[in-house]
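Welcome! Here are some exercises to work through with a model open beside you. Try each task yourself before you read its solution.

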Amino acid sequence: LEVNIGKTAILVFNKSGRLLKESFGLKYGDLNIPTDKTYCYLGITVTLSGSLTKTMEVLRMKGLRAYFALKSLIDIKELKTSSLLKLFDALLLPVASYGSPVWMHRTSFVKEVLSNRWQTNPNECLKRMASDPIERLHLKFLKWALGLHKKASNLFCWGDTGRCPVIQKIAKQSADCFNRLNSMSLDNVNSLARHSFEEQKSLNLPWYENMVKLLSS
């Protein structure tokens with residue numbers, strides 16, 4: 001087994017999100033293993049505190065790069081709004097929603113649905129959903145496609161294009177993933193994914209707990 005030190009880092013998880021002394025001094029043979037506050041593993045940016053907010057921000061930045069690349073290649077006047085929306089779903093959304101089953105349960109959408117504020121104050125819930133990193137990218141694209149100012153009403157953008165907050169699509173993807181993992185568990189499939197799912201279930205960890213609540217709400 002060979003270890004690529006350039007792609008290796010020590011992270012000691014803690015609620016404070018600070019580098020602890022236990023992070024330093026570890027070696028692989030004669031080589032010092034560096035310590036860091038963040039690490040990107042399979043496209044998911046992990047932080048010391050366990051927060052997934054950084055992941056969503058990184059994915060938003062990748063989506064923005066795809067957005068600006070698209071803007072430089074097409075003439076918006078030559079395309080219908082419906083065609084532009086298809087381009088968003090085909091080219092930008094897959095980039096910005098990468099690994100969504102892992103981090104979706106940490107979004108404002110899930111927090112609002114589970115808090116039941118949706119029924120008592122829907123406008124405030126939509127406002128909070130619009131602040132999610134991925135939805136900010138979505139709204140930025142919608143306003144560009146409609147030729148609107150960046151401070152235009154979010155509700156108007158959703159309504160005029162017939163769109164919903166993009167997190168609803170992401171939530172469906174995450175729900176499908178959860179159901180597939182649950183089926184693997186019921187069928188006793190021998191795989192790492194199944195064992196990880198059962199660990200989440202037995203310990204009732206936040207990902208499993210929030211997904212169960214979301215699917216039953």
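**Exercise 1. What covers the buried residues of α11?**

Before starting, note that this is a predicted model, in which local features need pLDDT of at least 70, side-chain atom pairs count only at pLDDT 80 or more, and totals for chains, interfaces and linings use all residues. Residues are numbered from 1 along each chain as its sequence is written, and side-chain values use heavy atoms, with hydrogens and water left out.

Step 1. Learn the labels: helices (H or I, at least four residues) and strands (E, at least two) are DSSP runs, numbered from the N terminus. Helix α11 covers residues 206-216.

Step 2. Learn the burial terms: buried means under 20% relative accessible area, exposed means over 50%, and partly exposed lies in between (1.4 Å probe, protein chains only). In α11, the residues Trp 207, Tyr 208, Asn 210, Met 211 and Leu 214 are buried.

Step 3. Look at what lies over them. The cover includes α3 (100-103), α4 (108-115), α9 and α10.

**Exercise 2. Describe the chain as a whole.**

Step 1. Count the elements: the secondary structure comes to eleven helices and four strands.

Step 2. Take the dimensions. Along its principal axes, the C-alpha trace spans about 60 × 40 × 35 Å.

Step 3. Turn to burial and contacts. Of the 217 residues in the chain, 34% are buried. A contact means heavy atoms within 4.5 Å; among contacts between residues at least 6 apart in sequence, 62% join residues at least 24 apart.

**Exercise 3. Is His 138 buried or exposed, and which residues does His 138 touch?**

Step 1. Find His 138 in helix α7, which runs over residues 133-146.

Step 2. Read its accessibility: His 138 counts as buried because its relative accessibility is 0%.

Step 3. List its neighbours, not counting residues up to four places away in sequence. His 138 touches Phe 88, Trp 158, Arg 163, Cys 164 and Val 166.

**Exercise 4. How many salt bridges does the structure hold? Follow some of them.**

Step 1. Recall the rule: a salt bridge is a side-chain nitrogen of Lys or Arg within 4 Å of a carboxyl oxygen of Asp or Glu. The structure holds six of them.

Step 2. Start with Arg 136 and Glu 57, whose closest N and O atoms are 3.3 Å apart. Arg 136 lies in helix α7 and Glu 57 in helix α1 (residues 53-73), so this pair ties together parts that are 79 residues apart in sequence. Both partners are partly exposed, Arg 136 at 31% and Glu 57 at 26%.

Step 3. Move on to Asp 89 and Arg 163, which meet at 2.9 Å, N to O. Asp 89 belongs to helix α2 (residues 81-96) and Arg 163 to the loop between α8 and α9, so parts 74 residues apart in sequence are tied together. Asp 89 is partly exposed at 25%, whereas Arg 163 is buried at 14%. Lys 169 joins these two in a network of salt bridges.

Step 4. Finish with Glu 198 and Arg 194, which meet at 3.1 Å, N to O. They are separated by about one helical turn because they sit four residues apart in helix α10. Glu 198 is partly exposed at 26%, but Arg 194 is buried at 11%.

**Exercise 5. Which residues form a positive surface patch?**

Step 1. Set the rule: a patch is made of residues with over 30% relative accessible area and no salt bridge, and like charges are joined within 9 Å. Lys and Arg count as positive, and the place of a Lys charge is taken as NZ.

Step 2. Name the members: Lys 71, Lys 140, Lys 150 and Lys 151.

Step 3. Zoom in on one of them. Lys 151 sits in the loop between α7 and α8 (154-161), and this lysine is exposed, with a relative accessible area of 71%.

Definitions and conventions
Patches are made of residues with over 30% relative accessible area and no salt bridge: like charges are joined within 9 Å, nonpolar side chains (Val, Leu, Ile, Met, Phe, Trp, Tyr) within 5 Å. Accessible areas come from the Shrake-Rupley method with a 1.4 Å probe; for residues, only the protein chains shown count as cover.
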